[in-house]
Amino acid sequence: MKKLVWLLFLSLFLVLVAGCSYENPESASSEPEQSGEEGEGTSDTSTADIIKVGLDVDAGSMDPRLAKDTSAARVEELVYDGLVRLNANLEPEPALATEWENPDETTWIFTLREDVTFQDGEPFTAEDVKYTFDTILDPDFQAPYLSLYEPIKSVEVIDETHVKFNLKEPYAPLLSYLDIGIVPKHIAEKGDVLSSEPVGTGPYKMVNWEKNNQINFEANEDYWGGTPKTPKITYFIIPDNTTRVAALESGDVDFVHSPLSPQDISRIEKNDEFKVEKTQALGFTYLNYNMKNEILSDVKIRQALSHLVNKNVISEEIYQGMDSPGKSPLIPASWAYTDNVPEFEYDPDKALELFAEAGWEDTDGDGILDKDGKKLSLTLSTHSEDPNRIQIVEYLQNEFTQVGVETEVLTNEWPTFSTSLMEGNFDIGLVGWLNLVGPDRAMYNQFYSDSGSNYGKYSNARVDELLEKGRRVSDQAERTKIYQEAAKIVTEEVAYDVLLYQGYIAMYDKNLNGFEIHPTGSLYGLKDAELTN
Amino acid sequence: MMTFVGKRLLQLIPVLLGISILVFLLLHLIPGDPALTLLGQEATPEDVERIREILGLNEPLYVQLFVFLKNLVQGDLGVSIFQDVPVLTLVLSQLPATLELAFLALVIAVIIAVPLGIISAVKQFSWLDYVSMFFAQLGVSMPVFWLGMLLIIQFSVNMNIFPSFGRGDPLVESFIMTIQSGNLYYVIESFKYLILPALTLGVMSAAMITRMVRSSMLEVLNEDYIRTAEAKGVRSFWVILKHAFRNALIPVITIVGLQFGNLLGGAIVTETVFGWPGIGRLIITAISQRDFPVVQGSVLVIALLFAIINLVVDLLYALINPKIKSN
């Protein structure tokens, strides 16, 4: 009996399976269209209606005022517009503001684009601009980049298409930070809706977000900058660097970009199916010296340690040329960049001389330098998420130890490591800065005495003066001189040892045309891209 | 029976409470500040302080624990610090993906392990036994992420059979779609996404289960009743399957049950490699952001599942071996 029941079940199952068909419902429905096109004698190449992008992390909050992770920025670039947009040279270009004037040092007046609507159909007005910045400036709103906007005293609506920014003091970097997305007041007022359902004026609308999996966008046909060329874009979240590149190779995604593993890049470069584009990114990787450490407070020691770092080896061997050897906090992508800063070339003998000048010698013959009975002992720390950075600290440990600096390596995951930086609980930290859209962003918070991100407690009155002045002066040529002088001082005094200028790399299907890479990693350019089959 | 289940469910309460307190304390003892990770590197110390105050992190630990437990007994797992979404919503949205993955991984593990274990026990010390045990050893020792990578390179990049990452439509939905439309496309598409991660995850469990089936079978095969059955002229196939395997099942079921629990937790690495949107990745991200409520909530849900699986395993014992039922 039992056997009979099983047999019945099995045959029923087989009949069901045999009765089923197998066809892709999407291709079945789109077939007639394709044959029609061919009948009309169009060319053989057709354009894909979707571009698939692989990203490393899921977005946090998609509200541009609260966004702080890179994926949220990638969403913001498609969904929102700022008053300005930074071009590839990081100069502000008109976006929602068509022009601006600076009648006096503390006033900026922006003329807004007319006939712009949000993706829900409501018109964009000056009230939205005021609301966006009022909320950012409200400390209770918890905007992560509040400090960048703090010099703004108030934002006034002059009329529907004009807004006035009143500043507390002259603030030249302001324009660089006004690319932040303008949110619709009528939606944002209702509560925290925009974090997961963003609505902006940008080229694409977000249609759905499957957390940890994918974010889907659809072209905004009413976009003031013209309808985007490709109807759909999907961001897939693929945390593992190697899997992300494998997905590109297998055709599951069409586009991936930094962060990437150096080994994967060299493999894709050899493959004709893909384009690999590189540019300087807006970041650098550096050693942060803690001035509160008794040994490191001596500039000679910091200079000696700099002579032990072979940046070419780090760039070529560890990063395989992906990131280039660095010099100062003014990155090559910046308008204030200079090559003319003090350089501490790799020279262990010179390092030993400097150690000796500072009074450190190996008096007891144990292979470790000492002074007044105290050993020259330091800890090099970094975070464990980045295997390349772990390799750097291990390489440096070897170099330091060879000349007699007892070096301990400490790697912790990011929350632990960043807390130790904030608390000043480190000797030498290997860390990086991203998104340095201007010299103020690269230097003020980092080197101004008592500033929040000045982890090493570096302090120099002249540098403070220059950094203040850099914010007040509006002439770019003069600002360039100011920041270059500041960069020379901090490099000479080795507040940071900038090891690498980070590179930005995008790798994509060779049939993807019209996309221009941007040093911030912006994907706004996808609106002009199309993928031919 | 009902009293047994009721008793076991009651026992769950102190267990889950203990786990909650332990996870809470562990998370608060490790260094790293949610306020700092929330605000990012450019935050000023004043900003960090302000957010700590808002999040209630400046309260003494016992006050924070009390608040957490008070909310917990009211069924409130809190709100994610980073995503501003209730933790329960977040966990429930990711749980089906992990359950689907773990379940298929277990099915694959059992399909591989049971025949291999039986064969290597019956043909003990033969080459079949050595080969099976070699693979079992390999399966246990192989790092999950490495196997995952190999499978992606072979089946996604080189052969282009399966997708390299992500999840298709939920399996249950695909089944319903297939039944409704009579089109196998839906269910096969979902399986395509599932197969590589499930295989990766299943291989390690298969190795453990194979070893358990083998040793349990070896023990039973030496019993008198097996010799009796053979002497009575029962065909050896039926002796192995009905007389030996059924009696060898009890320890096997225990380990299969435990493996299912392990798979839920062990899915973390597999989910990261294959970009599978499950609870493992949710936990990893939450830990790296110090999103305390999400970690606490997710661990609690996994613990609850683990406990339920154990209960089901105990009930299965009774089903297989009536002697246990009477005890």
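This is a short tour of a predicted model with chains A and B, one selection at a time.

**Stop 1: chain A, coloured by confidence**

Start by selecting chain A and colouring by pLDDT. The mean pLDDT here is 90, and 95% of the residues of chain A reach 70 or more. Now pick out residues 30–43 of chain A, where the pLDDT is below 50. Leaving aside near neighbours in sequence, that stretch has one contact in the model, so don't read too much into how residues 30–43 of chain A are drawn, given a pLDDT below 50.

**Stop 2: the domains of chain A**

Domain 1 is written in pieces, 13–78 + 202–273 + 510–531, while domain 2 covers 81–188 and domain 3 covers 281–503. The C-alpha centres of domain 2 and domain 3 of chain A are 35 Å apart. Where they touch, domain 2 of chain A gives 10 residues and domain 3 of chain A gives 13 residues. What kinds of residues does domain 2 of chain A bring to that contact with domain 3? Its side has six nonpolar, three polar and one charged.

Still in chain A, select residues 91–454. An unreviewed UniProt entry lists this span as "domain: Solute-binding protein family".

**Stop 3: over to chain B**

Switch to chain B and show it as a cartoon. How many helices and strands will you find in chain B? The count is 14 helices and zero strands. The C-alpha atoms of chain B fill a box of roughly 85 × 55 × 45 Å along the principal axes. Chain B has 327 residues, and 41% of them count as buried. Look too at which parts of the chain meet: among contacts in chain B with a separation of 6 or more, 71% are between residues 24 or more positions apart.

**Stop 4: the annotated spans of chain B**

Select residues 95–317 of chain B. The unreviewed UniProt entry places "domain: ABC transmembrane type-1" there. That span is 85% helix and 0% strand, with its end C-alpha atoms 27 Å apart.

The unreviewed UniProt record also places the feature "transmembrane region" at several spans of chain B, including 101–122 and 191–209. Try each one. Residues 101–122 of chain B are 100% helix, and their end C-alpha atoms lie 32 Å apart. Residues 191–209 of chain B are 100% helix as well, with 24 Å between the end C-alpha atoms.

**Stop 5: a helix in the open**

Zoom in on helix H10 of chain B, residues 224–231. Why does H10 of chain B lie largely in the open? Of its eight residues, the number buried is zero, so the helix is largely uncovered. Just after H10(B), click on Gly233(B), which takes a positive phi of about 90°.

**Stop 6: where the chains meet**

Finally, show both chains and select the contact between them. Chain B gives 46 residues and chain A gives 44 residues. On the chain B side, the elements that give two or more residues include helix H2 (34–39), helix H5 (87–122) and helix H9 (185–221). Which helix gives the largest share of the chain B side? That is H7(B), with five residues.

Conventions. Residues are numbered from 1 along each chain as its sequence is written. Chains are lettered from A and ligands numbered from 1 in the order in which they are written. This is a predicted model: local features need pLDDT of at least 70, side-chain atom pairs count only at pLDDT 80 or more; totals for chains, interfaces and linings use all residues. UniProt positions are given in the numbering used here, feature names are shortened, and annotations may be inferred rather than shown by experiment. Domain bounds come from an automatic or database domain assignment. Two residues are in contact if their C-beta atoms, placed from the backbone, lie within 7 Å. Ala, Val, Leu, Ile, Met, Phe, Trp, Tyr, Cys and Pro count as nonpolar, Asp, Glu, Lys and Arg as charged, and the others, Gly among them, as polar. Helices (H or I, at least four residues) and strands (E, at least two) are DSSP runs, numbered from the N terminus. pLDDT is the predictor's confidence in each residue, from 0 to 100. A residue is buried if 20 or more other C-beta atoms lie within 10 Å of its own, exposed if 12 or fewer, and partly exposed in between; C-beta atoms are placed from the backbone.
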